[in-house]
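Colleague: I am new to reading models like this one. Could we go through it together?

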Amino acid sequence: MKSTLIQKNGGQMEKLPDEIGKVLQRHDVDPDSVLCWMLCDRTLDGGFSDTYVLLTREHVLVLTSLEEPLQEKTYGGYAAGTRAKRPPASRERRWGFEQVPIGEAESLTVVNLVASGMVVIKSPEERAIAAFTNGHMKGAARLAGMFAKLKNHEEPEEQEPDDGDERAACPKCGMIYPEEGRKVCPKCMKKHAVFGRLLSFAGRYKASMFWIVFFMLLGSGTGLVIPYLQGTLLFDQALGGEGPFAGKIGLVILLIVVFRTLSLLFGVLYGVINAKMAANIAFDLKSSVFQAMQRLSLSFFEKKQTGQLMTRVNNDATELQYFFVDGISYFVVNAMNIVGIVTVLLVMDWKLTVLCLLPLPLVFWLVRKAFPKLWRLSIRRHKRVAAMNAIISDTVRGTRVVKAFGKEQMENARFGRASGAFSEAEQSFNKMGVTLFPVLNILTQVGGIMIWAFGGWKVMQGEFTFGKVMTFINYMLLLYGPIQFMNNIVNWWSYCMSAAQRIFEIHDAVPDVAEKPDAIQLAEMRGEIEIKNVTFGYEPNKAILKGVSLHARPGQMIGVVGHSGAGKSTLVNLIPRLYDVNEGEIRIDGIRIKDLSMSSLRKHIGIVSQDVYVMSGSIAENIAYADPDCTLEDLIHAAKIAGAHDFIEKLPEGYDTIVGTGGHNLSGGEKQRLSIARAILHNPKILILDEATASLDTKTELQIQEALDTLIQGRTTIAIAHRLSTLRNADYLVVLEQGSIVEEGTHEQLMQKEGAYYGLVQKHDEALKMKEVITA
């Protein structure tokens, strides 16, 4: 029996195990009727065992393993080499079966515990039916949401494909992934596939690589003649007085000079082409990684440290530059050199050649054994340097905080630990290198000793000439270079494949917020916003917004108020699709925002956030970021409306003053005004003000509020404000509490109710009076 694929309205979920499908069939339940299911990996008394909770349109099904509970469980701590505990597959387990009709069940909820949770059902008494570790929280939240829809007689929504993050282990060998968020198993990864893909990436450099290899081969070809000239031709013929070049020492020396000059000339030619290609490859690789990162969702960057991403853009791209520049071409040429030299040696004396090459099988065996360990050490070293770079980045960006709290010594200690860990990883890698490679070199040089020993013995026996021995020695010396490169190729391969795998991760990463292939391009926008039953949380089963509905007509100003943490900023972040809703939908002009292209959606939406970031550049560049092609008049007009023109004129260079990293320091209010000017220049149809005047004093706020009152005319505005007085002119107000809308209406209507909004206004007014007393 094949694994049952659970489907609903064309969506896909994880496959239901064969074993569970058979148990369902024995109890007259069609596996295809299962709408949603989850695996619970704990027992209610704190042990570890498997329990499956399944949901059909009529029943909640609970299948509990009757085997002895596991005494231990390996958590997804992302320690390399750790295997996840799995039940034996050799025999079928015994299962308990319980069936609860949905009509008799009042609710099915999820209870959060410390690093775990429980599924609780009320039918009619409330009881726990299963427990699970935190890794299965996403499945539990999905199950509870599906149950609620069935109880409300709603059609269950299409289920997104399960990404399988819960187990965080390789499905092939069971090894837990070394790094969180990177589903890459070092043991099972097909390194040859990565190598093949990397070769395909070099398509645009084919011509340059061809000429590099061509001139390298010419240089090697001319170099292969020199040992013959310096050995047999010089000693046996020119000096020995035999053969066509007898006594022609000057001619032989001239030939040696000519061939050395040609070899040098070909080397210069391929070096020039190589230098140009290296610069182009470095640029293209770093641009490719940076562009791939730009298409990823906001959540990707929130889970990564800045230093780690910088390491991928800089270090990994540089490693791949070595692959293209110093790797492929040298590998081809050195391989050809080895073939050519060995062929010449076999022709000269195959017995002596075979004797000299006897150590090579041992060399190849050592290389094969060393490769996996060098690979692992390379990965560990990269992780340590990324962690060290992250600390450097955080400390430099947060220097003001570090110095304000006097934590320089603490940061020194933190960096010392990270640097020490990197040093340890670097030493482990280098120790293996400096131990392995000299051994390989000694083994390869044994051939030269054998030539002197057996070649000299043959000269004494009269079977060899001295010139032939010198030719043999020179060719063996020439062979050491390519063999040395092939020895070091393990090191090069480890570097490049690790870097390639990390870069391809970014290229292959699927953004959480993805644009449909046939997304609608919206040329014009009226600005109507419909938010219907939206539920959203950054983590499974921890909803920030719960069933929020809101309707903003074109040109309306909607004020959103509530205590800190109520979900106000989260709500406005969903409108431009910085995140995707978990349930419900958002429509603009009657079109689901998931059906709109990102460019056309965000082209018509302007955001002024409480978190203002000033780019490194001039004041003019920062304002014109929203519209780089704007005229100077438009830019100054936007600055005047935002109340920024006066302070900009007083700066040393005016609009050309450099701000941001290494530039002029702006106050919080000045940065906020630049942000408002940027939004004004964007000229959006929908304007989102998320605490837009939070960093401004009362006088400046009143000035900007007047400008904003003019700006919002004809635009749909969603405004969140710390000072409630700025929202009194809003067409409509909604009050959020713990992610739900508890009140809505105009300012006058809500004040008459004397509810949650009335309480917020009272507290706000009291705070203002207290501030006036303190100021006085």
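**Confidence, sheet and helices**

Modeller: The mean pLDDT (the predictor's confidence in each residue, from 0 to 100) of the protein chain is 76, and 76% of its residues reach 70 or more. This is a predicted model: local features need pLDDT of at least 70, side-chain atom pairs count only at pLDDT 80 or more, and totals for chains, interfaces and linings use all residues. Residues are numbered from 1 along each chain as its sequence is written, and side-chain values use heavy atoms, with hydrogens and water left out.

Colleague: Which strand order does the open sheet have?

Modeller: Strands are DSSP runs of E, at least two residues, numbered from the N terminus; helices are runs of H or I, at least four. Two strands pair if DSSP finds at least two bridges between them. Four strands pair here, in the antiparallel sense, and their order is β3-β4-β5-β6.

Colleague: Which residue in β4 stands opposite Met-38?

Modeller: β3 and β4 (residues 51-55) pair over five bridges. Opposite Met-38 stands Val-53.

Colleague: Which strands does helix α2 touch?

Modeller: Contact means heavy atoms within 4.5 Å. Helix α2 covers residues 137-151 and packs on the sheet. The strands touched are β3, β4 and β5.

Colleague: Which residues of helix α1 are buried?

Modeller: Buried means under 20% relative accessible area, with a 1.4 Å probe and protein chains only. The cover over the buried residues of α1 includes β4, β5 and β6. In α1, residues 18-26, the buried ones are Glu-19, Ile-20, Gly-21, Val-23 and Leu-24.

Conventions: Axes fitted to C-alpha atoms, helices over the stretch in contact; angles between N-to-C directions. Buried < 20%, exposed > 50% of the residue type's maximum accessible area, 1.4 Å probe, protein only.
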